[in-house]
Every structure is written in structure tokens, then in C-alpha cells.
Amino acid sequence: MPAKKSLRSSGEESLLDALLAKADGLGFSTNKHKVDILDWVQKLQIGGRPFKFENHEYQRDMLACDAQRQCFKKGAQLGLTEVNVLKSMHGLIHGKYPQAVLFLFPTSLDVSDFSKSRFQTLIQDNPQEVGACVQDTDAVSIKRIRKAFLYLRGARSTSRIEGIKKSSSQLKGIPVDRIVYDELDEMEPAMVDLARERLSHSEIKEEAFLSTPSIPDYGIDKLYQVSDQRIWMIRCEHCGHETCLELEFPECLVETAKGVIRACKKCKKEIFPRNGRWVAQYPERSKDMVGWWISQLNSAYVEPGEILK
């Protein structure tokens with residue numbers, strides 16, 4: 001019996017292989033998530049400097065986490081918004097989010113400031129890794145990235161329906177795969193619910209809620225309470241005990257002859273945030289909501305004594 005002919009000739013296969021190789025060379029990922037985010041971010045310039053995990057060790061697991069729903073109960077200037085900018089850009093460039101990503105802010109003024117200070121500088125500082133993938137870079141509230149879109153929108157309502165139901169023209173007609181709610185506690189709850197409807201036609205449906213906590217049992221604090229409640233546990237170099245600064249504050253800050261130090265709960269010697277790891281207090285909840293809690297107590301750029309003032 002004669003052998004079956006191949007559906008493709010060797011010449012066609014060689015041509016296909018060459019085209020795929022060229023696509024990879026131009027930065028077009030032929031497989032979803034082919035480019036690891038932890039490798040990708042370390043090729044970038046952020047604020048004119050090479051991206052590094054040094055002094056931001058807690059960011060590594062946040063970037064790598066693929067959980068569908070995550071909340072970030074955070075202090076100021078810890079780079080958690082940057083983490084979600086990088087996750088979003090990586091997903092748009094490398095095909096994880098085929099439709100769009102929506103960044104939602106409390107007001108339209110926040111959109112303009114954020115677009116100029118975060119996205120524009122990221123694009124300009126990284127012409128190959130990011131800039132080459134972005135079109136329409138002059139638009140403040142929308143950017144095309146490869147075949148997908150990045151939307152930046154304010155969360156203020158623009159109208160009322162029959163004087164009761166709030167609505168917003170800025171949140172209509174934009175199907176998305178991921179939403180980042182930046183400073184959730186400052187947003188109108190009705191606008192958050194309206195934004196979530198934008199995920200209805202996505203198979204991915206990712207959400208990231210970020211905020212500095214305002215009052216207990218509200219906003220980000222309420223979400224964190226129902227999450228797996230991850231905390232940054234710092235291992236003592238002297239006795240090996242682990243301490244969470246957020247849970248032990250203010251006793252974790254101890255006055256010494258050399259100034260205020262972050263102190264081990266057990267032996268009271270100095271501990272360093274770089275030696276931390278994330279621990280979920282309720283790991284059985286991770287499938288529903290991953291929650292991260294970190295404050296300026298863990299910032300390498302804030303003196304512990306300043307926090308006590």
C-alpha cells in the first residue's frame with residue numbers, strides 16, 4: 001500500500017517555520033504567556049532606571065500570581081500600582097488579554113495625570129519592549145496595544161436614570177478582559193458594579209482591586225477580609241522566627257541607641273523586609289479571592305521612626 005502523502009510539503013513546512021521564527025523575532029508571541037513576566041519586567045526601565053526586585057522583594061509573587069480576582073490593601077509609594085501596570089501591559093503585548101484592559105480611577109483628572117506619569121513614561125523609556133507594540137500614544141484615555149486596547153477611565157457617574165440608577169457614558173460599549181480598580185475606596189460603588197459588566201463577554205474576567213484602606217469593613221478592607229489574607233512574614237536572621245509587621249504594630253518598632261528598628265517578635269533583634277515571604281492565612285479561599293496586605297512598615301525608603309511620629 002503506498003504511503004500517505006503529507007498534507008504539507010517540506011518546502012511549505014520550512015516556510016511556516018521561518019514565518020513563526022520571524023514573528024517571534026519581531027516580538028509577536030505565537031503562544032500565550034510564552035514570555036515569562038518575571039523575565040520581561042527585568043528588561044525594562046522604570047522611571048529612568050532598570051527594574052529590579054531589590055528593596056521590592058514583595059512584588060515578585062504579586063507579578064507572578066495569575067489568580068482571577070485579587071485585592072491589594074496597601075500603603076502609599078510601595079509600587080503596587082506599578083505592578084498592575086506591568087501585568088496589564090505584559091498581558092496585552094503577549095496575548096493574554098485579547099480584547100482590552102480597563103484601568104478605573106476615582107475621577108477623570110486622575111486619568112490624565114496617570115496616563116502622562118505612568119504609561120507615557122513606560123512607553124518612552126522602553127521603545128523596543130513596549131513602545132514598538134503601542135499605537136495611538138497621544139490619546140490620554142485609550143491606547144491600542146497590538147490588537148487589543150488599554151482604556152483609562154474615571155469612575156464618576158455622568159447621569160441618573162429616573163433620578164435613581166447611576167450611569168456613566170465612559171463605561172459603556174467597552175468589552176474588556178481585565179479591570180484594575182485603582183483607589184477603590186474613593187470610587188462610587190455603583191460605578192464599580194457598572195464597570196464589572198464590561199467583563200461579561202470575556203473568558204478571562206480578571207479583576208484587581210487596589211486601595212489605601214479608609215475605614216474598617218468598607219471597600220478594600222472588606223474585600224481583604226473575605227480573601228485568603230496574605231501577609232508578608234519576615235524571617236529573623238538571628239533566631240529564625242517569622243514576624244508580620246502589620247499584625248504586630250506598634251510593638252514591632254523598638255527604640256534603640258541607634259534609632260527605631262523593625263524588631264523580631266520573639267528575640268527583639270532587628271529584622272529586614274527583604275527576608276520576607278507571602279503566607280496565606282486562609283489558603284482555602286485563594287480560588288475566590290487572593291488578598292495582599294502590605295504597608296509602609298515594609299518600605300525600604302521609610303525610616304521606622306517616621307511612622308511612629
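This is a predicted model: local features need pLDDT of at least 70, side-chain atom pairs count only at pLDDT 80 or more; totals for chains, interfaces and linings use all residues.

Author: Let's start with charges over rings.

Residues are numbered from 1 along each chain as its sequence is written, and side-chain values use heavy atoms, with hydrogens and water left out.

Now ring against ring. Searching the whole structure turns up 13 aromatic pairs. Rings of Phe, Tyr and Trp (its six-membered ring) pair if their centres lie within 6.5 Å, and planes under 30 degrees apart count as stacked, over 60 as edge-to-face and the rest as tilted. Y58 and W232 have ring centres 6.3 Å apart and planes at 85 degrees, so they go down as edge-to-face. That pair ties together distant parts of the chain, 174 residues apart: Y58 is in the loop between β2 (49-50) and α3 (59-64), and W232 is in strand β12 (residues 230-235). (Helices, H or I with at least four residues, and strands, E with at least two, are DSSP runs numbered from the N terminus.) Y58 and W232 are both buried, where buried means under 20% relative accessible area, exposed over 50% and partly exposed in between, with a 1.4 Å probe and protein chains only.

Y224 and W293 give another edge-to-face pair, since their centres are 5.8 Å apart and their planes at 65 degrees. Here too the partners come from distant parts of the chain, with Y224 in helix α7 (residues 219-225) and W293 in strand β17 (residues 290-294), 69 residues apart. Y224 and W293 are buried as well. Going back to Y58 and W232, they belong to one aromatic cluster along with F72, W278 and W292.

Strand β3 (residues 69-74) runs parallel to β11, joined to it by five bridges; two strands pair if DSSP finds at least two bridges between them. Q70 is the residue opposite A208 in β11. Strand β10 (residues 178-182) pairs with β11 too, again in the parallel sense and over five bridges, and R178 has E206 as its bridge partner in β11. As for β11 (residues 206-211) itself, six of its six residues are buried. Both faces are covered, with E206, A208 and L210 on one side and E207, F209 and S211 on the other.

M191, V192, L194 and A195 are the buried residues of α6. Looking down the helix axis, these fall within an arc of 165 degrees, taken from the directions from the axis to the C-beta atoms, so they line one face of α6. P189 and D193 are exposed, on the face turned away from that buried side.

On one side, strand β5 (residues 134-135) pairs with β6 in the antiparallel sense over two bridges, with V134 opposite I145. Strand β7 (residues 148-154) is also antiparallel to β6, through four bridges, and F149 in β7 is the bridge partner of R144. β6 and β7 form a hairpin with two residues between them, and R146 in the turn has a positive phi of about 55 degrees.

Last stop, the cysteines. A disulfide is a pair of cysteine sulfur atoms within 2.5 Å, and the count comes to zero. C244 has its closest cysteine sulfur in C252, 8.5 Å away and too far for a bond. C244 counts as buried, at 3% relative accessibility. C267 is in no disulfide either, and its nearest cysteine sulfur, that of C236, is 3.6 Å away. At 27% relative accessibility, C267 counts as partly exposed.
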